[in-house]
Amino acid sequence: MSAGPYFYDTRTGEVHDAEHRGPGKYLLGPYATREEAARAPELARARTEAEDRRDEEEDDW
């Protein structure tokens, strides 16, 4: 069993370790754990939404 890091493949929705990952343009990561990598789309969405809110707040000054 691999010890990580782990990557989420946006094409397949699968989690891969560093040794078995695909092309970088399709990956989110690295993540420390397989579980965290499996949540990559959720984590990325939350970060994007937070940045969007921050941008909106900056535009309101």
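**Figure 1. Arg-54 pairs with Glu-51 in helix α2.** Arg-54 is partly exposed, at 41% relative accessibility (buried: under 20% relative accessible area; exposed: over 50%; partly exposed: in between; 1.4 Å probe, protein chains only). This is a predicted model: local features need pLDDT of at least 70, side-chain atom pairs need 80 or more, and totals for chains, interfaces and linings use all residues. Residues are numbered from 1 along each chain as its sequence is written, and side-chain values use heavy atoms, without hydrogens or water. Glu-51 is also partly exposed, at 39%. The two side chains form a salt bridge, N to O, at 2.4 Å (Lys or Arg side-chain nitrogen within 4 Å of an Asp or Glu carboxyl oxygen). Helix α2 covers residues 40-59 (helices: DSSP runs of H or I, at least four residues; strands: runs of E, at least two; numbered from the N terminus). Because Arg-54 and Glu-51 are three residues apart in α2, about one helical turn separates them.

**Figure 2. Arg-39 and Glu-42 form a salt bridge.** Their closest N and O atoms are 3.4 Å apart. Arg-39 is partly exposed, with a relative accessible area of 41%. Glu-42 is partly exposed too, at 42%. In total, the model has three salt bridges.

**Figure 3. Arg-11 meets Asp-9.** Their side chains form a salt bridge at 3.2 Å, N to O. Side chains of opposite charge can pair when their charged atoms come close.

**Figure 4. Asp-17 is buried without a salt bridge.** Asp-17 lies in strand β2, residues 15-17. The nearest side chain of opposite charge is Arg-34, 5.0 Å away (Lys and Arg count as positive, Asp and Glu as negative; His and chain ends are not counted). Asp-17 has polar partners instead. Its side chain reaches the backbone nitrogen of Glu-19 at 3.1 Å. A polar contact of 2.8 Å joins the side chains of Asp-17 and His-20 (N or O atoms within 3.5 Å; within protein, one able to donate a hydrogen and the other to accept it; sequence neighbours count only if both atoms are side-chain atoms).

**Figure 5. Strand β1 is covered on both faces.** The strand spans residues 6-9. Tyr-6 and Tyr-8 are buried on one side. Phe-7 and Asp-9 are buried on the other. The charged end of Arg-21 sits over the ring of Phe-7, 4.7 Å from the ring centre (NZ of Lys or CZ of Arg within 6 Å of the centre and within 35 degrees of the ring normal).

**Figure 6. β1 pairs with both β2 and β3.** Three bridges join β1 to β2, and these strands run antiparallel (pairing: at least two DSSP bridges between two strands). Phe-7 stands opposite His-16 in β2. Five residues lie between the strands of the β1-β2 hairpin. Among them, Gly-13 takes a positive phi near 75 degrees. Strand β3, residues 27-31, is also antiparallel to β1, and three bridges join the two. Here Tyr-8 stands opposite Leu-28.

Figure 7. Pro-30 lies in strand β3. Most peptide bonds are trans.
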